[in-house]
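Colleague: I am new to this one. Could you show me how to read it, feature by feature?

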Amino acid sequence: MNVNNFTPSNGRFVKENGETVNIADLIGGKSTGRRADIEKYTPHTGRMIKENGEVINIADGLEEFVNSGGSGSGGQAEIKKIEMTETTAELQPNTQYTWQEVTELNLTFANEKEGILNIFAFSFVSGDTATKVILPEEINIGDFVVEPKQKYEITIENNNLLYSSWEV
């Protein structure tokens with residue numbers, strides 16, 4: 001299909017209260033360089049059917065998402081990055097904690113924030129002696145074993161640890 005063969009659609013969707021919201025303004029997109037008179041196009045109903053048959057209004061949901069701190073730039077999320085020296089810490093969700101070479105890490109995790117994906121992320125360098133990593137019991141570590149002379153990048157989502165490592 002050639003996208004140039006299609007007429008653009010109005011970005012306006014009608015919310016449940018009858019007001020309109022422009023989805024293209026809310027979430028952004030790549031400019032085509034073309035311009036159109038929006039008043040000549042009929043707005044869309046915001047109502048859509050989910051796979052389970054429930055009818056929702058996507059316009060209300062998208063406006064709420066963007067206005068409550070969601071990204072209006074294509075869904076990019078901001079993640080804080082913190083350089084650490086203390087080896088005992090309570091990690092906050094959606095923050096990348098970074099340690100240089102450490103012999104031990106004793107980590108706990110703050111309460112998850114409701115309504116968002118909570119990912120706990122950290123990295124460290126294991127020196128000549130393998131770093132001892134202490135995590136809460138409920139974390140499923142799978143086959144995670146710390147080896148000496150490796151850098152580790154770790155994420156924990158839904159109490160499951162995922163990692164990558166490479167020699168330093």
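Colleague: Is Ser 123 buried or exposed?

Modeller: Buried means under 20% relative accessible area, exposed means over 50%, and partly exposed lies in between, using a 1.4 Å probe and protein chains only. At 4% relative accessibility, Ser 123 counts as buried. Ser 123 is found in strand S10. Strands are DSSP runs of E, at least two residues long, numbered from the N terminus.

Colleague: How should I take the numbers and the model?

Modeller: Residues are numbered from 1 along each chain as its sequence is written. This is a predicted model, where local features need pLDDT of at least 70, side-chain atom pairs count only at pLDDT 80 or more, and totals for chains, interfaces and linings use all residues; side-chain values use heavy atoms, with hydrogens and water left out.

Colleague: Which residues is Ser 123 in contact with, leaving aside its neighbours within four places in sequence?

Modeller: Contact means heavy atoms within 4.5 Å. With those neighbours set aside, Ser 123 touches Gln 96, Tyr 97, Thr 98, Trp 99, Lys 151, Tyr 152 and Glu 153.

Colleague: How many bridges pair S8 with S10?

Modeller: Start with the idea. Strands of a sheet pair through backbone hydrogen bonds, either parallel or antiparallel. Two strands pair here if DSSP finds at least two bridges between them. S8 and S10 (residues 119-126) have six, in the parallel sense. Tyr 97 stands opposite Phe 122 in S10. Strand S6 (residues 80-83) also runs parallel to S8 (residues 95-102), joined by four bridges. There, Ile 82 has Tyr 97 as its bridge partner.

Colleague: What is the order of the open sheet of three strands?

Modeller: The order is S7-S9-S11, with parallel pairing. S7 (88-91) and S11 (132-134) stand at the edges with a single partner strand each, so one side of each has no neighbour in the sheet. S9 (residues 104-109) pairs with S11 over three bridges. Asn 106 stands opposite Ile 134 in S11.

Colleague: Which residues have the most contacts inside the largest nonpolar core?

Modeller: In soluble globular proteins, nonpolar side chains tend to be buried together. A nonpolar core is a set of buried Ala, Val, Leu, Ile, Met, Phe, Trp, Tyr and Cys residues joined through side-chain atoms within 4.5 Å. The largest has 20 residues, and Leu 91, Trp 99, Leu 107, Phe 122, Phe 124, Ile 154 and Ile 156 have the most contacts inside it. S7, S8, S9, S10 and S12 each supply at least two residues of this core. A second, separate core has five residues, including Phe 13 and Val 21.

Colleague: How many aromatic pairs does a search of the whole structure find?

Modeller: Rings of Phe, Tyr and Trp (its six-membered ring) pair if their centres lie within 6.5 Å; planes under 30 degrees apart are stacked, over 60 edge-to-face, the rest tilted. The search finds eight pairs. Tyr 152 and Tyr 163 form a tilted one, 6.3 Å centre to centre with 40° between the planes. Tyr 152 lies in S12 and Tyr 163 in S13, 11 residues apart. Tyr 152 is buried at 1%, whereas Tyr 163 is partly exposed at 33%.

Colleague: Which residue forms a salt bridge with Asp 128?

Modeller: A salt bridge is a side-chain nitrogen of Lys or Arg within 4 Å of a carboxyl oxygen of Asp or Glu. Lys 149 is the partner, with the closest N and O atoms 3.7 Å apart. Lys 149 is partly exposed at 45%, and Asp 128 is exposed at 61%.
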